[in-house]
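Okay, everyone, thanks for coming. Let me put the structure up and we'll walk through a few pieces of it.

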Amino acid sequence: MTTRLFGSGIRRREDPRLITGQASYTDDIKLAGLVHAAILRSPHGHARITSIDTSAAAAAPGVIAVYTGADTEGVLNPMPCAWVIPDSDVKAVAYPPIAKDVVRYVGDAVAVVVAEDRYQAEDALELITVDYEPLPTVINPEAAMQEGAPQLHEDAPNNQAFHWVAAGGDTDDAFANADVVVRDTIIQQKLIPNPMEPRSAIASYVPSMGELTIWNTTQNPHIARFVTCLVTGIPEHKIRVIAPEVGGGFGAKIAVYAWDMVTAFCAMKLGRPVKWTETRSENFVSTTHGRDHVEYVEMAANSDGRVTGVRSVVYAGMGAYLSTAAPGIPTILHGLMYSGPYDIANIKADIYGVFTNSTPVEAYRGAGRPEATFLLERLMDLVAAEVGKDPVEVRRMNLIPKFENGHDVAIGLTYDSGDYEGVLNVALEHVNYDQLRHDQAHGREHGRLTGIGVSCYCEICGLGPSQVAGAVGFGGGLWESATVRFYATGKVNVFIGTSPHGQGEETTFAQIMSEELGVPVDDVEVIHGDTDTTPMGWGTYGSRTTVVGGGALALSARKIKDKAITLAAHLLEAAEADIEYEDGNFFVRGAPDNGKTIQEIALMANVAWNMPEGMEPGLEATTFYDPPNFSYPFGAHVAVVNVDPDNGHIVLERYVAVDDCGPQINPMIVEGQVHGGVVQGAGQALWEGAVYDDNGQLLTGSMLDYALPRAHLVPDIETLSTVTPSPHNPLGVKGIGETGTIASTVTIYNAVIDALRPLGVTRLEMPLTPERVWRAIQEAGGHHGHDHGHGHDHGHGHDHGHGHGH
């Protein structure tokens, strides 16, 4: 009977504890003597602190201590930025965990209160008196770089955090000799990740031992330990970081936060465990945001639609400080993906990182790749319109031909494998594209505004080679680790360095073990999230856990198989070369009924009664796997929308996602990842957006004002797939966690513009709210070919063409 489950959509083993409320999150943890911290946050977008009076708060009932930035002097170091891109003049400005002289965004920490219970701590915040001298603010990243804009940091002139350029080929020549040049101004609005669980930290310090333990809502406990060591000065071997259950991350829990360090500071000062958990309102302003680009993009093409060049000037908002990995997102993960799945010989990405008076920006699902896919797919549609061809036809003629082991693109990357036309064909056949276009034309004759959006994408993930990580300024490695330990009873513990939090690796990693060694899935326990019990690893982000961590696990399992073959040969008195393995059994060739099971091998290895000479007891193996390349999943998505011309209301009628992530360990989990990703991408296109006023006040700071996607707004997402293995990965797998978000925003956006084009609307800003759509229809007046919105001030009050000669 087979126990093989690789490729089976078995139910997630994590889910029973999650859906019955038995999972333990950071805020659920109770320790003896636990006290509670609450953080006073700046109500101003930019202000000088002239005085702070904490005396009334300190005297309030239950209050144990009140600390300000001055108290942390010499105890907490500034928060470090861990991704400093070379050759881009990164201004790693000081980021104090508690502001000392100046606050730079609404949400900046000003003081912390520790009390016996949370309510006493929150009440005491209101008793702290802070005198502020308000300073001018700037929110828009392009406006922040203009002459005379308010300056956030003395050591970052013009608010420039960095300037990074990547290029391949000769874009100047390509654009000078193009038959067609199309342009667009794209605003990638700021997004607020809103994981279901807000951020939380508990710190416990043992002064006699100098040991600090932090329970933390983090996507990477080992990185959190390393950064905690840098900020607190406590030696790394004296720090333990535990990520219990984490209720969603989406990139917002990658960063090591100042507030975690403040919690640790309080525990170190008081010698008692301290818990801090943010409120939902606090989450809106203090947990990192995503996106926030102003982009000027251009594409050059021949008259038949063959693309010859792409270039951009991008102003990427960083917020008030550089978060842990922020500079890498609009650069390495964005600018290097300007080829997408297309054969484009000339590319230039000109990227400015900019400080603004807003919440710091960090990875948000897709992190740089949705923005790259958006500009490519947007420009592809504009080229198609300009040369009078169907958008699919223009895409097809520009796709990189099928390849199985390496393809170099102009900007310097080598893709692993791809069959881009294959996924496009599957998508078009599934929706019956020609019929869809026919139905659309028929509907238009009857006043129905149907739009069809098609996108092709390729993305970079499975973050990857440590040598490359070092070369691009990443402050660590990007290898992964896995230890497999068999017990005498044949049961298995798998210890991994990554830290899954909803991606399903407690299930898929057990399936890998089952595939490699024939162990029943239920006999495998996957252990993660505690730096004291797991091998060093670099965390869960960049769709890397299964690709890199799963690779490490497969290699560990194969080491165990090699040892098991040697031991089986000894026990069966046969030559190693004659031992065959099948489905958990080791036997002499030709005699499958007379063999040893992996469980029998595990028993003998653990008791060590009869071992080959020189073989160590135990059945355990550890692998540190450093992938030779990134992985490059790809796909083609189709969206169908209907727009009501009377009120601008958009209905997403159909969404089809065809994705290729190589062999699927668990198709149900893959489908779930795609569903979640598509919905988050749809959120950006249709509903979500952080809005600040001119004083830096977040106007969308609650669920009443920040519109998240809801189930009834989304159709059944139709998921299909093709399988193109990665040639360098031990399992052939590629990442899938971000693909849905990478493709869906622009697919839906293009569908809406396709619906509105007959009325003369050719561009809009996201989110595509009914009011925006209705106003655009009114302004266009139904006249064909009116280029709506170019030169429009987009509500930012400055000239978008500044300095680029567009």
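So, helices H15 and H16 are roughly perpendicular to each other, a label for angles of 65 to 115 degrees. Their axes, H15 being residues 545-571 and H16 residues 598-607, cross at roughly 85° and come within 10 Å. Axes here are lines fitted to C-alpha atoms over the stretch in contact, with angles running from 0 to 180 degrees between N-to-C directions.

Quick word on the source: this is a predicted model, where local features need pLDDT of at least 70, side-chain atom pairs count only at pLDDT 80 or more, and totals for chains, interfaces and linings use all residues. Residues are numbered from 1 along each chain as its sequence is written, and side-chain values use heavy atoms, leaving out hydrogens and water.

Who touches whom? On the H15 side, Ala 564, Leu 567, Ala 568 and Leu 571; on the H16 side, Ile 598, Ile 601, Met 604 and Ala 605, contact being heavy atoms within 4.5 Å. That's eight nonpolar residues, no polar and no charged.

Now a sheet: S22, S23 and S24, in that order, form an open antiparallel one. Strands pair if DSSP finds at least two bridges between them. S22 (579-582) and S24 (595-597) are the edges, each pairing on one side only. S23, residues 585-588, has three bridges to S24, with Phe 586 partnering Lys 596.

Last stop, strand S8, residues 180-191: 10 of its 12 residues are buried, so it's largely enclosed by the rest of the structure. Buried means under 20% relative accessible area, with a 1.4 Å probe and protein chains only. S8 runs antiparallel to S13 (residues 290-301), joined by 11 bridges, and Ile 187 has Val 294 as its bridge partner there.

Definitions and conventions
Helices (H or I, at least four residues) and strands (E, at least two) are DSSP runs, numbered from the N terminus. Angles under 35 degrees count as roughly parallel, over 145 as roughly antiparallel, 65 to 115 as roughly perpendicular and the rest as oblique. Ala, Val, Leu, Ile, Met, Phe, Trp, Tyr, Cys and Pro count as nonpolar, Asp, Glu, Lys and Arg as charged, and the others, Gly among them, as polar. Buried means under 20% relative accessible area, exposed over 50%, partly exposed in between (1.4 Å probe, protein chains only).
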